[in-house]
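Here is a short briefing on one protein model. Keep the sequence and the 3D view open as you read.

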Amino acid sequence: MQKIHILETKSTNTFLIDAIAKGGCYDEYDVIYTQRQTAGRGQMGNSWESQNDCNIAFSMLLRPSFLPIREQFVISEIACLAIAEALDSFGVKNVSVKWPNDIYCGDDKICGMLIENSLTGSRFSQCIVGIGINVNQEVWIGNAPNPTSMLLKLGQENDPVAVMDKVIEGIIGYYEQLKQGKKEAIHSRYLARLYRREGFFAYQDAESGKPFMARIKTIEPSGHLQLEDPEGSTYRYMFKEVRFVLPCGVTKE
């Protein structure tokens, strides 16, 4: 495993994908990281704002050829668990996973993720796990409604590289468990970490704009979210098809 520091890049995911495409020799678990990411990308075209030298952005290469494509969501699960447990270890409280793979502290977002897969036939040829963690940032100039950082939650600065190293350690540990076939145990831990896991909360259907109350029933291996309304009816969503209504009234996919 090698960790390659890049002084500045638009996106660590893009950098790593391009480097591999150009014939660069990279092995599983290799990491590209920077504290100056100028155009971070999130799920489905979302952006990620990060102040220079305050945070950490990194991308790890995995080659899960052993994993059926229909079960690809488990990669998100292991990354989310690794991040949440790393933040726990630094003393951050109330860490949860907002489906599918945002990391929250209370009702505030502290970390985002973008996973990009490449296939050869019916198998994975590579999986790039890109992670951005707010470590020492205090102010955001964009319109993100609920960002936070380790500094804001803990009242002290932390070493961004040390935070990254703890996450990497966790990803490798869970990935090795995945290779051993422990998918059910990983999935159970992911479900237990979910934001708004217990009780009914406000959601909004993205297509109709209709608000409704529901509780999380489960997450399917494909990554689909199942919500159950108070009458017992079940609704099935993929990312961007439903929005979480935050306490401030803002909706978030």
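Axes here are lines fitted to C-alpha atoms, for helices over the stretch in contact, and angles run from 0 to 180 degrees between N-to-C directions. The model is predicted. Two packed helices are described by the angle between their axes and the distance between the axes.

**Helix 2 and helix 4**

- Helix 2 spans residues 73-89, and helix 4 spans residues 160-179.
- Their axes come within 8 Å and cross at roughly 140°.
- Angles over 145 degrees would count as roughly antiparallel, so helix 2 and helix 4 are oblique to each other.
- The crossing of helix 2 past helix 4 is right-handed.
- On the helix 2 side, the contact is made by Val74, Ile75, Ile78, Ala79, Leu81, Ala82, Ile83, Glu85, Ala86 and Ser89.
- Helix 4 brings Lys166, Val167, Gly170, Ile171, Tyr174, Tyr175 and Leu178 to this contact.
- Sorted by class, the contact of helix 2 with helix 4 has 13 nonpolar, 2 polar and 2 charged residues.

**Helix 2 and helix 5**

- Helix 5 covers residues 183-192.
- The axes of helix 2 and helix 5 come within 9 Å and cross at roughly 55°.
- Helix 2 is therefore oblique to helix 5.
- Helix 2 and helix 5 cross in a left-handed way.
- From helix 2, the residues that meet helix 5 are Phe73, Val74, Glu77, Ile78, Cys80, Leu81 and Glu85.
- Their partners in helix 5 are Ile186, His187, Arg189 and Tyr190.
- The contact of helix 2 with helix 5 has 7 nonpolar, 1 polar and 3 charged residues.

**Helix 4 and helix 5**

- The axes of helix 4 and helix 5 come within 8 Å. They cross at roughly 135°.
- That angle makes helix 4 oblique to helix 5.
- Tyr174, Gln177 and Leu178 of helix 4 make the contact with Lys183, Ile186 and Arg189 of helix 5.
- By class, this contact of helix 4 with helix 5 has 3 nonpolar, 1 polar and 2 charged residues.

**Phenylalanine 15**

- Look for phenylalanine 15 in helix 1, residues 12-21.
- Its relative accessibility is 31%, so phenylalanine 15 counts as partly exposed.
- Phenylalanine 15 and phenylalanine 58 are 43 residues apart in sequence. In space they are 10 Å apart, C-alpha to C-alpha.
- Beyond its neighbours within four places in sequence, phenylalanine 15 is in contact with Ile6, Thr9 and Ile32.

**Tyrosine 33**

- Tyrosine 33 sits in strand 2, residues 31-34.
- Is tyrosine 33 buried or exposed? At 14% relative accessibility, tyrosine 33 counts as buried.
- Tyrosine 33 lies 20 residues from asparagine 13 in sequence, and 9.5 Å from asparagine 13 in space, C-alpha to C-alpha.
- Leaving aside neighbours within four places in sequence, the contacts of tyrosine 33 include Lys3, Ile4, His5, Ile6 and Thr12.
- Also among the contacts of tyrosine 33 are Ile56, Ala57, Phe58, Val161 and Met164.

**Cysteines**

- How many disulfides does a search of the whole structure find? The search finds 0 disulfides.
- Cysteine 25 is in no disulfide, and the nearest cysteine sulfur, that of cysteine 127, is 19 Å away.
- Cysteine 25 is exposed, with a relative accessible area of 66%.
- Cysteine 105 is in no disulfide either, and its nearest cysteine sulfur, that of cysteine 111, is 9.4 Å away.
- Cysteine 105 has a relative accessible area of 1%, so cysteine 105 is buried.

Definitions and conventions
Residues are numbered from 1 along each chain as its sequence is written. This is a predicted model: local features need pLDDT of at least 70, side-chain atom pairs count only at pLDDT 80 or more; totals for chains, interfaces and linings use all residues. Side-chain values use heavy atoms; hydrogens and water are left out. A disulfide is a pair of cysteine sulfur atoms within 2.5 Å. Buried means under 20% relative accessible area, exposed over 50%, partly exposed in between (1.4 Å probe, protein chains only). Helices (H or I, at least four residues) and strands (E, at least two) are DSSP runs, numbered from the N terminus. Angles under 35 degrees count as roughly parallel, over 145 as roughly antiparallel, 65 to 115 as roughly perpendicular and the rest as oblique. A crossing is left-handed if the near helix is turned anticlockwise from the far one by less than a right angle, and right-handed if clockwise. Contact means heavy atoms within 4.5 Å. Ala, Val, Leu, Ile, Met, Phe, Trp, Tyr, Cys and Pro count as nonpolar, Asp, Glu, Lys and Arg as charged, and the others, Gly among them, as polar.
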